[in-house]
Structures are given as C-alpha cells and as structure tokens.
Amino acid sequence: MRPSICRAVFAAGLLLMAGCGRPAQPPPNVILIITDDQGYGDIGAHGHPHIRTPVLDRLHSESIRLTDFHVDPTCSPTRAALLTGRYSTRTGVWHTIMGRSLMAPEEVTMAEVFAAHGYRTGMMGKWHLGDNYPLRPQDQGFDTAFYHPAGGVGQGPDYFGNDYFDDVYMRSGVGLEQTAGYVTDVWFDDALRFIETHQAEPFFLYLSTNAPHGPYYVDERYAQPYRDLGFPETMARFSGMITNIDDNMGHLLARLGELNLADNTMLIFMTDNGSAEGWANWRDQEGTWEGFNAGMRQGKGSEYDGGHRVPFFLRWSDGDLAGGRDVPLLAAHIDILPTLAQLCGLELSGDLDGVSLVPALRGEAMPERTLFVHSQRVPDPIKWRKSAVLTDRWRLVNQVELYDILADPGQSRDVASMHPAVADSLRAAYETWWTHLSPTFDMNVRIGLGSDREQPTFLNPHDWQVTAQSQSVWNHRQVERGMIGNGFWAVDVEMAGTYEFELRRWPAHMDSTMEATEARIRVGDQQLSQEVTADQTAARFALELEAGPTTVQTWLTLPDGRERGAYFVYVDRVAD
C-alpha cells in the first residue's frame with residue numbers, strides 16, 4: 001500500500017497508522033496536579049527569597065509556563081471551571097459552602113472526556129464539588145477516586161477527628177478508609193499506585209492536594225527550618241506544607257522516570273487560587289514580616305490579580321512542545337480542557353467557554369480576548385460583586401476601577417478617569433457575560449436520595465442552603481460549640497418509597513446525645529416531630545416520598561427553647 005493512502009485511525013484510545021505497518025506514538029498520559037491555596041509567589045522560581053521548592057523550580061525550568069494564567073479566587077469554583085471548560089457559575093458553583101459548591105451532574109467533566117477515549121481515570125485528594133450521589137468524583141467520570149470530602153480538614157462532611165495525620169478518607173467503591181501518614185504523602189502514594197497499575201495503558205490522573213490549605217498542620221521537620229529563618233508561626237507551617245508538596249513532587253517525577261513514563265506523560269502543575277498566607281504582611285512582637293506575592297495585590301478571595309493569577313507549568317517531552325519558556329498569553333482554567341483535548345486527539349462537544357491554547361504553546365499568535373473573574377461567596381450571585389474584567393493590558397475591577405496591568409502590575413493606580421472609553425467597553429463586556437451566566441442563577445444542584453449507588457445518604461450542614469433569617473454552620477468548630485443555625489438541603493428523590501431519616505447532633509460514629517428536647521423534620525410539605533430524651537443519640541422518622549425534587553429541613557429544640565438544625569442526617573430508602 002502506498003504511503004499516500006495511509007490514514008490515521010483512532011480506536012479504543014490507541015492511534016494506529018492503518019496499513020502502514022507500524023503504530024504511531026501512543027497517546028500521552030496526563031497528570032494534572034493542583035494544590036490548594038498556594039499562590040503565584042509561593043514558589044522559589046517566581047522570586048520568593050526563602051521558600052524551598054527545588055523540585056518545582058526544576059519543573060519550572062523544563063516547562064512551558066503560562067505567566068498570565070487565571071482561575072477563580074476560591075476553591076470550588078476553580079475546580080468546576082477547570083474540569084468542565086465552562087465558567088464555574090454556569091455549572092451551579094459560585095461558593096464553597098451553602099449548597100453552592102455542588103456541581104451539576106449534567107456537566108461533562110474532563111474525566112468523562114478522557115474515559116470516553118479509552119483512558120483510565122483516577123483522582124486523589126480534594127474534590128469539593130459535592131460529596132453525595134450523583135455529584136461525587138466516581139459519578140463524574142473517575143474510575144478510581146480516593147478523596148477528602150468538602151474543602152478542608154474540620155469542615156462539615158469531614159470525618160470528625162481528622163487532623164492531616166492518620167486520617168479517615170473516602171474511597172470509591174469502598175467507603176471510609178483509615179490511612180496512615182501525612183495527608184499529602186497519602187495522596188501522592190496512592191497516585192503512584194494508580195500510575196503503576198495503569199502504566200501500560202493511557203491514563204488521566206487528577207491529583208488535587210488539600211495542602212497548603214488550613215489548618216496549617218505539618219511535620220515539625222518541615223516547619224522548623226522556616227522558624228529558623230524568622231517566619232511567624234503561621235507562615236512557617238504554611239511554607240512547610242509547600243515544601244512537603246515539593247518533596248512529594250520529587251518522588252513522583254523520579255518514579256515516572258523509573259517506569260520510563262516521563263517523556264510521554266503530560267505533566268501539569270497549577271494552583272487553585274491566590275495565596276492564603278504568602279501575600280500577607282505579619283506584625284508580631286518581633287516586628288513586621290513582609291510577605292512575598294510577586295508584586296501582585298492581595299491574595300486568596302480577592303478580585304485583584306493576587307487572588308486569581310496563579311502558576312501554570314506544562315511539561316511534555318514527547319509532545320514537540322519545547323519547555324523552559326514563558327508564554328505571556330492571557331489564559332484561564334476554562335482553557336485547559338479544550339487544550340488537552342487537542343493535544344491528546346479527543347473529541348469535544350457542548351457549549352464551552354474556554355479555547356484551546358495549543359497555537360500559543362507552539363509559538364503562534366492568538367486573538368486577543370476578554371476574561372472574567374468574580375468571587376461571589378453568597379447564596380445567590382450579585383452583579384459586579386468582587387469582579388474583574390481582564391484583557392492583556394487592562395483590569396476593570398468592581399465596575400469602577402481600571403488598571404493598566406502592563407504598566408502597573410501591582411494595581412496601585414486607578415486610571416479609569418484617564419481611559420473612560422476603555423472602562424465603558426469592559427463594562428459592556430461584563431454585561432454580556434452576566435447575561436451568559438444568568439440562566440443558572442436559580443439553579444438548585446440537588447443531592448440524590450434513595451439511589452442504590454449511595455445508601456444511606458449522609459447529609460451535613462456544609463451543604464445547607466440558608467436564607468436571610470438563618471445561619472450557615474459549615475465546620476466542626478461551629479458544630480462543637482453548638483452554633484445556632486439552620487438551612488435546608490435541596491434533594492432529588494430517586495424513586496418513590498419509604499425513607500427513614502435519622503437526625504443527629506453529632507455524626508453517627510461518635511454516638512453522642514442530641515442535647516435536645518424535641519426533634520422535627522419537614523420534607524416537602526410533610527412534617528413530623530417527636531420528643532427527645534436526655535440520653536437519646538438520634539431521632540428517626542419514616543416518610544413516604546414521591547420521586548422528584550424536594551427539600552429537607554430539620555429542627556432540634558434545645559432545653560432553653562432555642563432551635564437549631566440537626567447537623568447530621570442519614571437518609572435510607574427502606575422500602576419501595
């Protein structure tokens with residue numbers, strides 16, 4: 001057969017040269033690593049004078065670096081946008097609590113795309129997009145998932161007693177699993193096992209650490225060197241967590257080399273928002289400690305660049321993408337899915353907001369564009385709240401402030417009065433974007449009840465939706481002190497039947513008393529109550545439910561007459 005009639009055929013995830021007598025280069029493995037609350041300045045290669053990140057510094061030297069790369073200013077929104085290629089608000093995610101960190105199950109994730117093309121898919125670490133069916137990683141395209149519920153240790157769905165050492169985490173298909181060792185070591189060790197298991201087939205690995213997110217717990221051998229440099233205690237521990245990540249990156253890179261996977265593995269390193277601690281200036285009894293933020297303004301949660309401009313390194317030796325260079329193109333998390341799809345030969349469909357960055361990665365020019373960032377952190381989105389409109393040159397912040405980011409990267413001089421036409425143009429772009437988001441503002445992403453894939457369903461206050469008259473209770477410290485608060489869970493009853501609701505003040509494994517005199521529950525328009533004795537640990541109610549969407553809310557009456565929600569509710573379908 002003449003070479004001129006050879007054609008490329010993609011089948012079962014393998015690219016073969018049909019009739020040409022030899023296979024082409026196999027599809028690349030993809031490892032996407034995202035750390036939590038580590039900012040652009042929290043890496044030695046970015047100019048930090050003290051942070052110890054030799055492995056990341058080496059990876060920086062070997063990679064293509066997107067130097068104007070942006071995410072959302074907080075955890076869940078970044079993850080939703082990264083995995084779907086769509087602005088996070090469009091997926092139902094615009095907060096980290098209050099039921100607004102739950103990503104709509106209809107979204108097509110990066111894992112689902114890779115799986116559809118023959119890849120094995122695995123995730124380890126922080127998920128933070130919903131901890132119940134049908135929102136979990138194993139429901140969203142991951143063959144293997146070993147993860148930490150919610151956003152951090154000590155938050156609502158977390159196992160009470162976790163402290164980053166020898167914790168209890170969730171494994172798909174197994175349930176709660178006791179671990180041994182420090183949290184970041186646990187995630188990387190499990191990731192290495194996944195790689196070793198699937199080294200002979202293409203794999204996509206999403207490794208999402210929950211460090212250096214607080215609480216700042218780390219082995220003393222990592223924190224002490226920073227104390228010796230004069231770091232305040234919080235900064236010493238935060239920095240030590242980053243150096244531990246760096247050590248684990250070294251183990252991962254070494255093992256890829258030993259397995260002869262390094263060259264044809266596309267390795268990406270990024271973070272989920274600006275620095276939680278590194279940007280701050282600390283004042284203590286010894287004087288003032290100046291943080292390092294690579295010249296940017298503010299950090300995590302901010303609409304200024306320090307809140308959402310983050311590192312992005314991509315290394316792929318076999319990919320004809322020369323590393324060791326900067327690409328200053330304005331880019332964002334929404335671009336990663338279409339970029340990986342083009343690099344790996346994957347088909348995409350659907351209404352994406354991102355674009356493929358492959359031309360820029362190969363040194364070609366790309367059209368100028370406008371991107372958008374906002375930090376809502378409220379039950380319902382508010383127009384212009386903590387917002388930024390971004391172009392290559394300009395930043396419009398909070399509707400009225402305008403910064404020339406090329407001349408003023410620290411965003412210290414508002415030049416809106418000098419460039420009114422620019423400001424007006426960016427406001428108009430935001431208006432169009434807001435209209436683009438608005439169909440999801442009334443969205444309720446719902447937790448499934450009664451599915452055979454999750455029995456019982458564990459509801460916790462982290463996912464309460466609250467009103468102006470109620471108070472969110474989203475972490476264990478608030479639970480421990482018995483904070484007065486309440487909210488409802490938006491749920492979807494998978495099938496009609498008899499459901500038992502078990503109301504608790506403490507999680508079931510603690511089996512402690514309810515500290516209440518009465519328990520009450522409302523599911524849709526049904527409401528039941530019962531008296532509670534002093535030694536009672538749970539109140540159980542049976543209700544007949546129709547299939548479909550509804551809400552669940554509970555009340556515990558305290559001995560002093562005040563009411564709060566039952567923080568933990570276990571729901572089991574007991575009969576069809």
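Student: At what N to O distance do the side chains of Arg505 and Glu515 meet in a salt bridge?
Tutor: This is a predicted model. In it, the side chains of Arg505 and Glu515 form a salt bridge. The N to O distance is 3.0 Å.

Student: How many residues apart in sequence are the parts that Arg505 and Glu515 tie together?
Tutor: Arg505 lies in the loop between strand E22 (497-504) and strand E23 (518-523). Glu515 lies in the loop between E22 and E23 too, so the pair ties together parts whose separation in sequence is 10 residues.

Student: Is Arg505 buried or exposed?
Tutor: Buried means under 20% relative accessible area. Arg505 has 2% relative accessibility, so Arg505 counts as buried.

Student: Which helix holds both Glu258 and Arg255?
Tutor: The side chains of Glu258 and Arg255 meet in a salt bridge at 2.9 Å, N to O. The two residues are three apart, about one turn of the helix. That helix is H6 (residues 233-258).

Student: Why does Glu258 count as exposed?
Tutor: The cut-off for exposed is over 50%. Glu258 counts as exposed because its relative accessibility is 54%.

Student: Which residue does Arg227 meet in a salt bridge?
Tutor: The bridge joins two side chains at 2.7 Å, N to O. The partner of Arg227 is Glu233.

Student: Which residues are linked with Arg171 in a network of salt bridges?
Tutor: A search of the whole structure finds 41 salt bridges. Arg171 belongs to a network of them. Linked with Arg171 are Glu177, Asp190 and Arg193.

How values were computed:
Residues are numbered from 1 along each chain as its sequence is written. This is a predicted model: local features need pLDDT of at least 70, side-chain atom pairs count only at pLDDT 80 or more; totals for chains, interfaces and linings use all residues. Side-chain values use heavy atoms; hydrogens and water are left out. A salt bridge is a side-chain nitrogen of Lys or Arg within 4 Å of a carboxyl oxygen of Asp or Glu. Helices (H or I, at least four residues) and strands (E, at least two) are DSSP runs, numbered from the N terminus. Buried means under 20% relative accessible area, exposed over 50%, partly exposed in between (1.4 Å probe, protein chains only).
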